[in-house]
Amino acid sequence: MKSVLKFLPAATLAAGLALSAAPAMAQQPAPAQPKAAAAPAQPKASPAAVAAAKEILQIKNATAMYQGAVPGLVEKTKIALIQQNLNYQKDLNEVAGVVAQQLNGRQNEIGEGMAQIYASEFTEQELKDLVTFYKSPLGKKLIDAEPRAIGLSMAFMNSWAQNFSETVMGAFRAEMRKRGKEI
């Protein structure tokens with residue numbers, strides 16, 4: 001169960017980071033373009049709300065989602081740079097270790113940002129109530145069981161979709177036969 005907890009969020013973050021970082025690395029610099037509008041600023045949350053949000057994230061082991069973010073992005077960047085600069089492969093492999101060490105710990109910025117987001121989405125009292133809930137027997141069960149339930153639900157949805165696609169294909173074939181066309 002715990003491995004599913006670590007896998008699903010980590011996979012989600014890794015996919016998001018890969019999609020956002022890799023294309024940017026692979027592109028050559030483009031002419032200057034106007035900057036996109038920044039995301040609207042979140043209202044400033046109270047220190048108590050942020051502390052409660054951090055406690056929720058700690059209870060839910062949210063660090064498992066992003067603990068490999070720095071080495072993962074360093075590796076993706078290295079691979080992209082090697083593809084563009086094959087002659088520098090040895091140097092880029094060495095530099096990757098240096099860069100990973102220099103940037104180690106920066107993944108904690110993700111946790112800080114997540115806490116700010118939680119604190120802006122929930123009131124201080126709601127966050128405190130959530131902490132109380134997650135510490136309750138049912139809350140602990142939710143934390144333990146939910147990743148497995150999500151994983152099993154995703155597997156069920158994939159199986160259903162595969163089976164249902166056969167039904168859809170059959171319906172298409174039947175309708176096309178009515179038109180005198182076999183597919």
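Good morning. The model under discussion is a predicted one.

F172 lies in helix α8, which spans residues 137-178.

The protein chain contains 8 helices and 0 strands, and its order along the sequence reads α-α-α-α-α-α-α-α. Of the 183 residues in the chain, 18% are buried. The chain exposes about 13,300 Å², with 61% of that area coming from carbon and sulfur atoms. As for contacts between residues at least 6 apart in sequence, 81% of them join residues at least 24 apart.

Two packed helices are described by the angle between their axes and the distance between the axes. Helix α7 covers residues 124-135, and its axis comes within 4 Å of the axis of α8, with a crossing angle of roughly 80 degrees. That angle falls between 65 and 115 degrees, so α7 and α8 are roughly perpendicular to each other. On the α7 side, the contact is made by F133, Y134 and K135; on the α8 side, P137, L138, G139, K140, L142 and I143 take part.

Two further residues deserve attention. The first topic is K78, in helix α4, residues 69-84. Is K78 buried or exposed? Its relative accessible area is 14%, under the 20% cut-off, and K78 is therefore buried. Leaving aside residues up to four places away in sequence, K78 touches L92, N93 and A96.

The other topic is N61, in the loop between α2, residues 47-59, and α3, residues 63-66. Most residues other than glycine have a negative phi. N61 is not a glycine, yet its phi is positive, at about 55 degrees. With 29% relative accessibility, a value between the cut-offs of 20% and 50%, N61 counts as partly exposed.

Thank you for your attention.

Terms used. Residues numbered from 1 in each chain as written. Predicted model: local features only at pLDDT ≥ 70, side-chain atom pairs only at ≥ 80, totals over all residues. Heavy atoms only, no water. Helix = DSSP H or I, 4+ residues; strand = E, 2+ residues; numbered from the N terminus. Axes fitted to C-alpha atoms, helices over the stretch in contact; angles between N-to-C directions. Parallel < 35°, antiparallel > 145°, perpendicular 65-115°, else oblique. Contact = heavy atoms within 4.5 Å. Buried < 20%, exposed > 50% of the residue type's maximum accessible area, 1.4 Å probe, protein only. Areas by Shrake-Rupley, 256 points an atom, 1.4 Å probe, with all protein chains shown as cover.
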